[in-house]
Amino acid sequence: MPGQAVFYVTIGAMVVIAAATMLTGLYGSKVRSTSDFLVASRTLGSRWNAAAISGEYLSAASFLGIAGLVLKGGVDALWYPVGFTAGYLALLLFVAAPLRRSGVYTLPDFAEARLGSVGLRRVCTIFVIVIGWLYLVPQMQGAGLTLHAVTGEPKWVGAAVVMVIVTLNIYTGWMRSITIVQAFQYWIKLTALAIPVFVLLIHNAGEKPGVRGSLGASALPHFSHAADITLDHDVVLEVAAPMVVNAVGNEDGRFANGTVYWAPGEHRVAKNTRLHFDAGSRTPVIRGAVLDNDKWLRPLGSGSHPLLATYSLIVALLLGTMGLPHVLGRYYTDPDGRAARRTTLLVLSLLGVFYLFPMVSGWLARLYVPELLVNGNTDAALLLLPRAALGGWPGLLLGGLIAAGAFAAFVSAATGLVVSIAGVLSTDVLPSRLRDFRAATAAAWTVPLAFVLAVSSLDLAQGVGLAFAVAASSFCPLLVLGIWWRGLTDVGAAAGILAGGGLAFATVLPAAAGVLPPGWQTLLAQPAVFTVPLAFLTMVVVSKRTTDRIPVDVSRILLRLHAPDRLGLSEDRDLDQMAPRSGMVALPRMRGGRHRR
Amino acid sequence: MSTTERVGGVGTPPPVDPWAAAHTSTDFAMLRQRFRGFVFPMTAFFLSWYLLYVVLAAFAPHYMAIKIVGNVNIGLIFGLLQFVSTFAITTVYVQFASRNLDPLSSQICKRVEGGVW
């Protein structure tokens, strides 16, 4: 298939989706007041809102990352989708309804309304921005990867394209329409993934048994057809059984040009080396991936501290969801706690249906694109799968559909994040609100862009996992204790956020850069299992020592959070009239009697 | 902690404050009790259910590798059940809240709005 055709089909599909997104955005852009602008209208209903939450939530990690992880790690990767969905259960049980009743819709607003401290608000602001940036990086990486995989453009081009689309969308669409846009995006993503996976499954079922091999018992993954692979970075490959490979380049520290014998064990292969595998030869796999198919089908077959790392990941995903700035804001669109519950249930169904497809495609990828296990670009699995399995025009068209759907994933997740970051930047960092929202939007991109240009090695799903770890170690304790424990003080909350979130962030950076020794890498690459308890503990201990700083009206505030929904309705009217420095207006009854020491 | 019990700050006459009355009412106490009676055990349940999967996978891999149908083994079924259970718990909670929490809370609402307290 000519490269030109691949290029045009993919770009065509992307343009169609981008245009549809912008049109949907323009459709609802008649916005008058500030509260419309940031909160979106309440007229859309649970179904729209649930699709919007799902659309925004299904990011690069969900769309490409999980398929890549399933290809590489097998059933272990089930933890990502399970954790991504279970996070909404924790959010629903502990946070959704009380937060909705409080009338605030950003985390800094909540912190200030609950504990009456401007200092704490600043700490929260910093963490909203940090988490948003951490989460933006994999979206931009994913966009770069997608464009690179289909057109060969350098990786920064895809990131730049996403930036432009998202910025235009925010400048023209505002938030009301963004609810519609995000809902629309969910259905685009589901379609773009479901159709190719169904076609591939039918194709696979129709193939002669034995041609592709099966995933059963002791079979090692192997090439069903001859493969030429040029490595775009240094890799360490694990070889299970003796094999012969044709290599041109640098292999195990010496120059190779021709047939090379590989004994079982690890082999270093340098960047730009070309490897040729004959049809039927076994696939060596990149270090960290699971070697044989049997182990691949079993949970926890990989890694050096599998139990700890897996549980740490679960903690991060389960508790991190409630701390994601762009997720919480969406719940404010629901008129009351009852609607918030209904929305959550719908979100879980929508996510559950969606996640079936990346899991299945990870399995298909192990059959059809084993070369990704050699060069380590497992995140590209979904993108390359249709062309490898089907070939010809069907493969081309379905590949284009997946690439365009992936782009939709990056655009919608990035939109929500940039709106959240820009919202916080313009309220708390820049002066004079509406006028500066556009400047804040531009500012929101700077750091992640720099990070994308600097770091390239991280798996998409792992990158997102780090954002979850920081969120779980900072905002989860603040929300849970703030809503359920009257003894929390501003000093305690700030200390807990800085200790837990700060430590998580401090371990995230070296882990992302990949400079840690292997033993530490597993432990620190997913720090939630020790940073979350640390944050809770610090909050409780410091609060106990500063009981004189408990807000005097704590009873009133807690009652407000747990009282029946309809009692909160008056606040919404306040909010409609006033610009959302919302913590200032949304809890009018909480503002009196505040301590100032 | 004693100062924190004062509601409404200095100068608000406590007897006419509907919030304080609602807070101390038996209805509100029951609302809280019902909520906690559901949420806390359920949380303990789903956390241990997730932990069970991880622990089994780590310490009983042979059990998890038992094949049921074709290549589908217990571990895989267990993994998929995690999804099902998350969804089931949410469904149960939504029904519980509509049946047991909402009627009570709208009763409290009516009283506050009607000035009963």
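Helices here are DSSP runs of H or I with at least four residues, strands are runs of E with at least two, and both are numbered from the N terminus. By that count, chain A has 23 helices and 7 strands, while chain B has 4 helices and 2 strands. In chain B the elements run α-α-α-β-β-α from the N terminus on.

A word on ground rules: this is a predicted model, where local features need pLDDT of at least 70, side-chain atom pairs count only at pLDDT 80 or more, and totals for chains, interfaces and linings use all residues. Residues are numbered from 1 along each chain as its sequence is written, with chains lettered from A and ligands numbered from 1 in the order in which they are written.

For the table, a residue is buried if 20 or more other C-beta atoms lie within 10 Å of its own, exposed if 12 or fewer, and partly exposed in between, with C-beta atoms placed from the backbone. A contact means two such C-beta atoms within 7 Å.

| Chain B | 20% of 117 residues | 51% of contacts |

Now for some helices of chain A. Helix 7 covers residues 118-151, and its end C-alpha atoms sit 49 Å apart, in agreement with the 50 Å that its 34 residues should span at 1.5 Å a residue; the expected span is 1.5 Å times one less than the number of residues. Of those 34 residues, 28 are buried, so helix 7 is largely enclosed by the rest of the structure. Just after helix 7, A:Gly152 takes a positive phi of about 80°.

Then there's the meeting of helix 3 (residues 45-57) and helix 12 (residues 337-368) of chain A, whose axes come within 8 Å and cross at roughly 50°. Axes are lines fitted to C-alpha atoms over the stretch in contact, with angles from 0 to 180 degrees between N-to-C directions. The contact includes A:Ala50 and A:Ile53 from helix 3 and A:Leu346 and A:Leu350 from helix 12. Its residues divide into 8 nonpolar, 4 polar and 2 charged (Ala, Val, Leu, Ile, Met, Phe, Trp, Tyr, Cys and Pro are nonpolar, Asp, Glu, Lys and Arg charged, the others, Gly among them, polar).

Finally, A:Phe94 is in helix 5 (residues 79-102) of chain A. With 19 C-beta neighbours inside 10 Å, A:Phe94 counts as partly exposed. A:Phe94 touches A:Val480 and A:Ile483, leaving aside residues up to four places away in sequence. A:Phe94 and A:Ile483 are 389 residues apart in sequence, but 8.1 Å apart in space, C-alpha to C-alpha.
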